[in-house]
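Dear colleague,

Please find the structure below, followed by a short account of what was found in it.

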Amino acid sequence: MRPLVAITGATGYIGERLTLKALQSGYSVLALGRRPVDVVGVTNVAFDIQKPLIPSLPSEIIGLIHLAADIQGGSLDAEREALRCLAAALPKEARLLFVSSQSAAAPTSPYGYGKLELETEVTQLGGVSIRPGLVYGGPKKGLYGKLCNLVRRTRILPRLIWPRPLVQPIHVDDLAECLLTALNAPHKKTYVFAAAGQPIAFDTFLATLAANENGSRSLFLPTPMIALQVLLGFSSKATGNLSASDRLASLAATKRMDTSADLIKSGITLRPFPSIDTILGRSNLDMSEARASRRALLSEGGLMIAYLGRIKPPLSTVRAYARTMEQFKGQSLLKANLWRPFSTLALALLDRSKALGEREQELLRRLDLVLRLVESHPVSATRWLVAPFENRAMAPVFTIGAIGIAVGQEIIVRALRSFLAPAAARILFNNV
Amino acid sequence: MRAQVVVVGTGAAGVSAAWPLARAGLDVLMIDPGLDMPTPELPNIDYLHARRTDDAQSKWMFAHRLSNLTADSPKFRVPTLANVFSGFAELQKIHTENFTAIGSIACGGLTTAWGAGVAAFSESEMRDWPLPRSALDVHYRSISRRIGISGGSEDDLSEHFGIEGEAELPLDAVGQYIDGRYHSARARLSQRDFRLAHARLAVLTKDRGSRRACAQFGLCLWGCPRGSIYKASDDLKDLLKTGNLRHRSGIFAETFRRDGEAYVIRFLDRRNGQRGEIRANRILLAAGTLGSAKLALDHLGHIDKPIRFQSTPTAAFALLFPRLIGRPPSGGTGLAQHWYQLGNDADAVCGGLFPTTGLPISEFVLRAPFARRLGIVVLSRLLPAMRVGNVFFDGARSDHRLTLRSDGSLFIQGNLAEGFALHAKSTERKLRTAFRLIGGLAIPGSFKAGALGSDVHYAGTIPMRARPQPGETSADGGLWGAPGVFVVDGSVLPSLPPKSHTLTIMANAERIGCGVVQQLSASR
């Protein structure tokens, strides 16, 4: 049996990545939330932090990662009540992990004080609190998504002065790893875990996001911190959403948090925050890696679609392939930009071959996915269901002719397969 | 919560048992664990048209998942039916060995995704029952009227079906060809004990209430957008209109216990994770052959002791009609158009012949001995001249074990009775010959046995007996040792002949429901 871990806020920015990471690491996931998570291996249980009730959790659960937070600026009492409900529902041996914020380390804002109060509650309940720094990377959601949007819309960024605030970024996947590690840490000990990288200036952080979004450097306008806070204060009053500005302001005002001890203890090495130069140089670091990996998946999808469907790969289908792959594994298997006739022959040689290694089996799984994606495009409906029979009088002859050719090709492919399959694998697979 | 009668489950059995209760004006509460999750919407046009024009077809055709296409029914992979099958094994905590446990915790149960085949049991098929065949007559008739049955009448399978269609559904080109060939080879086929006729299906040929007549859209695999195929959730809507009945979804009955004259059902509310209780004078278990068995065994404290039950082992094969090669795909219903029976008595098997148009070509490509790229060419050309056939074997050919464990999980061990392989082999041989006589070539290597349990015809976990023992039920469906608790679904069928058993479950459920009404009015 896979160990079972419960996650609140599994549909959120961190929750979504954490869920995938947990599944990949061999856990089953129980998602507690208002909206169901539609991923294989996830069971859903209804839970609402604004109207918390004690959920029913199976006894085999090994721990609960509480990510859900009230971002509408609701009452702290409800959040505390939610914590108590969750703790009450947990079996005795299971661990409660509360994802707090760096702002709780030395709070200066209501947001930070609130988090600190909840951390105290967690300690009383025998749980563990995690203080992540500024989370980035992965899908553009949450605060990270908001910041990406912000820098995409404007080419001029504030260079914050008086004071020049620092942030400690952590990649969302690294945070997920920290959380899963904390889940398995020795029991019977409550503590606070600082999960954040080396401090960098907040404007450098924004500039890096901008480089990633826009592919170019941004201009800077020196802005006093106080002005930004006033500005954000206005906009948040207008939208009624307190949290973005509040969380930003509190993060920006946060003092440096020493993380090395916690990280060394947990044995996790955080990836370095990429520099603007590496992003613009498209080298192999974090965020540009996501782009390169998507490009490779798009190219791989294109090759397989052309192989199966004998069509110019429709953009929507190629994208659907890359999206689905990212949701599950995220790594391309085939070399990019192969010459089509070459890759088609090589794919035919590996398709249905008997002696299958792990890579080959993975390739066949992907071909089955592509087969379904190709079939569900209108172009295939015409090519598979209509075109072969258009000439009524000659259809029987054409049909038998086409089948005869395909059977002949199959015989040739089978004959070649026995000694050319290894060469085909060398041509097709990248060496990662 | 309180109710005079609680019906656990809103599938075919639950709604059939609820009708007499609601008509008698009893206070009835129906519960099921379903949570209504959004599923993609189906186009309201015919399959071929939808495929050529719908740019968003990938949303409803396939689930975008990275997994090997497996050899079981394509139904289990269809996103529009995901609600029907998902969450069953997890919620019921089912573990299996050599068995694929399929069930539903959704409102309407498995009828939302069924093949709509209907047939009545014959006298000899009911020889293990503690009641005469005639006791079901009136209920077969009333259920048939309620759900609406189309298909043949007075033909070579009238005896097999024991029930006639009100009107015929049109046949597609292959169907008409099969009709003609069967007619000319009928004498020779009857010598071989092979009979064929138009299937009897729970499909409407005339509009009725919110359900529309079948328009041959061919989207049957994905769930009919017109509601032509009967599903229990349609019945539930009509039941609610009677005003005597309440329905709560998201309620998973975990256990029940006696409390004085009444029973208390302990449930988990899946919408908020809370546990709660319902008080009832009578309980009707309609949670399915596995779900009801779990509740009954738990109540009896029958822990860690295996019980037997049956399913109908299945096989499938592909038939090619060489004379039809070159014809374009034609529309029409995607359900079985023809039904056949081979052999007599204990050796009898039956099955349906299904059109291939409304099935994804990829389902066939994965089974064909070709590189996928070439398989697409071959199959897209051949499929319009093909039928998929299935075979149902007698339930007595299976011998499964089900155990309720002390941790509340169900363990199922699937087994075949001795001699099955030999029987299957000889059946395959006979079917090949029979189909050759109607112009169909059973494609070599295509005859494959289905995974045990993938037939989804389960029965006999708590069988009805004349003298029930612990873990059995009496002829009126009453559970041994629990007066006032009745089991109304497939669990109580003592045996499983090789044919569609849904209609019989429904007729029997209605019969038990009528009995409960009589009992309650007598006690008043």
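A residue is called buried at under 20% relative accessible area, exposed at over 50% and partly exposed in between, with a 1.4 Å probe and protein chains only. This is a predicted model, in which local features need pLDDT of at least 70, side-chain atom pairs count only at pLDDT 80 or more, and totals for chains, interfaces and linings use all residues. Residues are numbered from 1 along each chain as its sequence is written, chains are lettered from A and ligands numbered from 1 in the order in which they are written, and side-chain values use heavy atoms, without hydrogens and water.

Both B:Phe194 and B:Phe435 are buried. Their ring centres lie 5.4 Å apart with the planes at 80°, so the pair is edge-to-face (rings of Phe, Tyr and Trp, the last by its six-membered ring, pair with centres within 6.5 Å; planes under 30 degrees apart are stacked, over 60 edge-to-face, the rest tilted). B:Phe194 belongs to strand β5 and B:Phe435 to helix α13 of chain B, so the pair ties together parts 241 residues apart in sequence (helices, H or I of at least four residues, and strands, E of at least two, are DSSP runs numbered from the N terminus).

B:Phe121 is buried, at 1% relative accessible area, and B:Trp129 is buried at 6%.

Yours sincerely
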